[in-house]
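Q: Hi! I'm new to this one, could you walk me through it?

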Amino acid sequence: MLPDERRVFIYSHLHRYAHAAIGDLAKLLGVSHMTIRRDLKEMENEGRVKFISGGAKLNEVLIQELPYVEKAMLHHSTKRQIGIIAEQFIDSGSVIYLDAGTTTYEIAQVIANKLKKVTVITNDFTIADFLMSTSCVDLFHTGGRVDVRNRSAVGHCAAQFIRQYNIDIAFISTSSWDCEHGISTPDEGKMLVKQAVIASSRHKVLVSDCSKYGKYGMFHICHLDQIDDIICDDQLPAEAINKLQQLPLRLHQVSHTWNNKEK
């Protein structure tokens, strides 16, 4: 296994189990403890993980997002289920924003299968490419500065494009969120785009698997009370659910839904 492949495996393993011992990782990958230490050191320098006694855990402070290809390999089944729930929010004739990301790509796939007549605005090149062949979708791409690492358009030009439109429902992705910091990002260009989406959208839905919860980036996007709905899997910590219950929003999980908007 190549070093990059090992690091993807380690990162995926940490997303699943939160922390791991160096010895366990060495056995799983069939390499030496020294090799695992080198991999973890490289990942720590990238801001992905943090060394702890005898092993490593995910870093709460997000310095840099994963490349698109690596993100696509994580939690695919969960993202697919989130996409199925998200599609239920969409009415024919709606103007929809699909934020850049591998979870929103799953929403695009469900939209294409359901064949609802909708307008889709996106800053994601992979989503735009996929929806080009879907006859029921009137498609707009924001343009703007290209983030090659994440296959999306970011920055002022993309944000200005978005502010021209009245969006019925926006599906917002994120690499980091929690109840204290709200939604955040390590990238200023993404912040500008997401803030424009929030300002231009009537209904705002955060879509994220629970591995993104408990992390925060340098740039603040919004507090969670500015979001109407959160679609997540059912692995959020109990403490997080208790905090979310204090906010005026609806939480939708793979297994169940509760509504705090009616309080």
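Predicted model: local features only at pLDDT ≥ 70, side-chain atom pairs only at ≥ 80, totals over all residues.

Q: Thanks! Which residues are buried in α2?
A: In helix α2 (residues 22-29), those are Ile22, Leu25, Ala26 and Leu29. Buried means under 20% relative accessible area, exposed over 50%, and partly exposed in between (1.4 Å probe, protein chains only).

Q: And where do they sit around the axis?
A: They are on the same side of α2, because they cover an arc of only 100°. The arc is that of the directions from the helix axis to the C-beta atoms.

Q: Where else is phi positive in a residue other than glycine?
A: At Arg151, with phi near 55°. Arg151 is in the loop between β7 (145-147) and β8 (152-154), and is partly exposed at a relative accessible area of 35%.

Q: New topic: how many salt bridges are there?
A: The count is eleven, taking a salt bridge as a side-chain nitrogen of Lys or Arg within 4 Å of a carboxyl oxygen of Asp or Glu.

Q: Which residue does Arg6 pair with?
A: Asp39, with the closest N and O atoms 2.6 Å apart. This pair links distant parts of the chain, with Arg6 in helix α1 and Asp39 in helix α3, 33 residues apart.

Q: Are those two buried or exposed?
A: Both Arg6 and Asp39 are buried. They also belong to a network of salt bridges linking Asp4, Arg6, Arg7 and Asp39.

Q: What about Glu87, which partner does it have?
A: Glu87 forms a salt bridge with Lys116, the closest N and O atoms being 2.8 Å apart. Glu87 lies in helix α5 (residues 76-87) and Lys116 in the loop between α6 (102-114) and β5, so the pair ties together parts 29 residues apart in sequence.

Q: Last one: in what sense do β5 and β6 pair?
A: Strand β5 (residues 118-122) and strand β6 (residues 137-141) pair in the parallel sense over five bridges; two strands pair if DSSP finds at least two bridges between them. Ile121 stands opposite Phe140 in β6.

How values were computed. Residues numbered from 1 in each chain as written. Heavy atoms only, no water. Helix = DSSP H or I, 4+ residues; strand = E, 2+ residues; numbered from the N terminus.
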